[in-house]
Amino acid sequence: MVDQAALEASSLELVGPPEQAILLAAMAAQVGFGRTTPLSIEIEGDADAPLHHPIARMLAGPEACAEAQISHLNERFQCTIGRNLALPGALRIGLHASSPVDVLGWVDGDASVITDAPMLEYGNGRHTLSTPALLTANAAALVHQALLRLGLVSDLSISGGWVVHKVRIETSSAEEAASVVGHAYGDAGRVTFQPTADGAAILASVRVPHTGLDEVLPSFRRTFREPSPLGLCNIGLRPWGYELPSQSPLREPLDVLVVGAGGLGSWAIPHLADMLEGAGALAVVDGDAEVEPSNLNRQILFSHADV
């Protein structure tokens, strides 16, 4: 569980070239940094260089001016981001940063690492079809490290768990459906019934206790451990320093359908659109008709103005 009030008041400095710094800022602002205490960006190199990364370009707007991009992020995420702010004791995270930072991320082609140790090799600057997506994933991993290192994540106490079984019963009689469920489950679970649209059957939802939480959610429990030294942590598609040649751009047209534009789809869609530009069509299908406030903390296609 994340202490949201403490997160919004935490000091965080983001370091890197324009594209990487803006991407980090968008990722940090999306989870709530910068609401009470400003986020500080230290942009290395040409601050007004145009953005090419699909997520950074979409969230920071089309302007090439860094100040306009930052202003766009502030408006979108309702936060305060400033350049080179003096934040004593702030944690520093960097993506492709050359200045000293507490945690550094780097992407080279299909390889991606995060580290809290000095980088000995910075890669060959390779760019493949997966490089933009790995930059996004690396920025997310860096923000996760910030949450851990700032002490904003605490353990959850799980008191119980349930499994919901969905059962279709081929009858239109509620009494018969209750009899079938009672015979199969006894008094073990809580049951609700709903007729199908055509009235030919009944759907039963049976919630039964589940005792094997340690088997089902081991990674969930590990998420909340105290941070340990990273060393050189590989989080890419290939190990750091791989020797395979870079990928070629898409040569044959490829049509892609994305089903769901929420917490996963909204992050994948800009990357797919960038990959398919001039080489295919991208279609998106989602069942929701409206954007709700609870949607905003896990997707990036919409902002407060769309609610």
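Which strand does Val 259 lie in? Hi everyone, let's start there: Val 259 belongs to strand 11, residues 256-259. Before going on, please keep in mind that this is a predicted model, in which local features need pLDDT of at least 70, side-chain atom pairs count only at pLDDT 80 or more, and totals for chains, interfaces and linings use all residues. Residues are numbered from 1 along each chain as its sequence is written, and side-chain values use heavy atoms, with hydrogens and water left out.

A word on terms as we go. Helices (H or I, at least four residues) and strands (E, at least two) are DSSP runs, numbered from the N terminus. Buried means under 20% relative accessible area, exposed means over 50%, and partly exposed is in between, with a 1.4 Å probe and protein chains only.

Back to Val 259, then. Because its relative accessibility is 67%, Val 259 counts as exposed. Together with Leu 257 and Val 285, Val 259 forms a nonpolar patch on the surface, and the three share about 300 Å² of accessible area. For patches, residues need over 30% relative accessible area and no salt bridge; like charges are joined within 9 Å, and nonpolar side chains (Val, Leu, Ile, Met, Phe, Trp, Tyr) within 5 Å. The salt bridge in that rule is a side-chain nitrogen of Lys or Arg within 4 Å of a carboxyl oxygen of Asp or Glu. The areas come from Shrake-Rupley with a 1.4 Å probe, and for residues only the protein chains shown count as cover.

Next, strand 8, residues 190-195. How many of its 6 residues are buried? The count is 0, so to speak a strand that is hardly covered. Gly 199 is partly exposed, because its relative accessible area is 35%.

Now the helices. Helix 2, residues 18-31, is mostly covered, with 13 of its 14 residues buried. Its end C-alpha atoms are 20 Å apart, which agrees with the 20 Å it should span at 1.5 Å a residue; the expected span is 1.5 Å times one less than the number of residues. After helix 2 comes Gly 32, with a positive phi near 125°.

Helix 5, residues 131-149, reaches 26 Å from first to last C-alpha, close to the expected 27 Å. Since 14 of its 19 residues are buried, helix 5 is largely enclosed by the rest of the structure. Just after helix 5, Gly 151 has a positive phi of about 70°.

Helix 6, residues 174-185, has end C-alpha atoms 16 Å apart, in agreement with the 16 Å its 12 residues should span. Just after helix 6, Gly 186 takes a positive phi of about 65°.

Is Ala 111 buried or exposed? At 1% relative accessibility, Ala 111 counts as buried. Ala 111 sits in strand 6, residues 111-115, and its C-alpha is 7.6 Å from that of Tyr 242, 131 residues apart along the chain.

Last, the cysteines. Searching the whole structure gives 0 disulfides, a disulfide being a pair of cysteine sulfur atoms within 2.5 Å. Cys 65 is partly exposed at 35% relative accessibility, whereas Cys 79 is buried at 9%.
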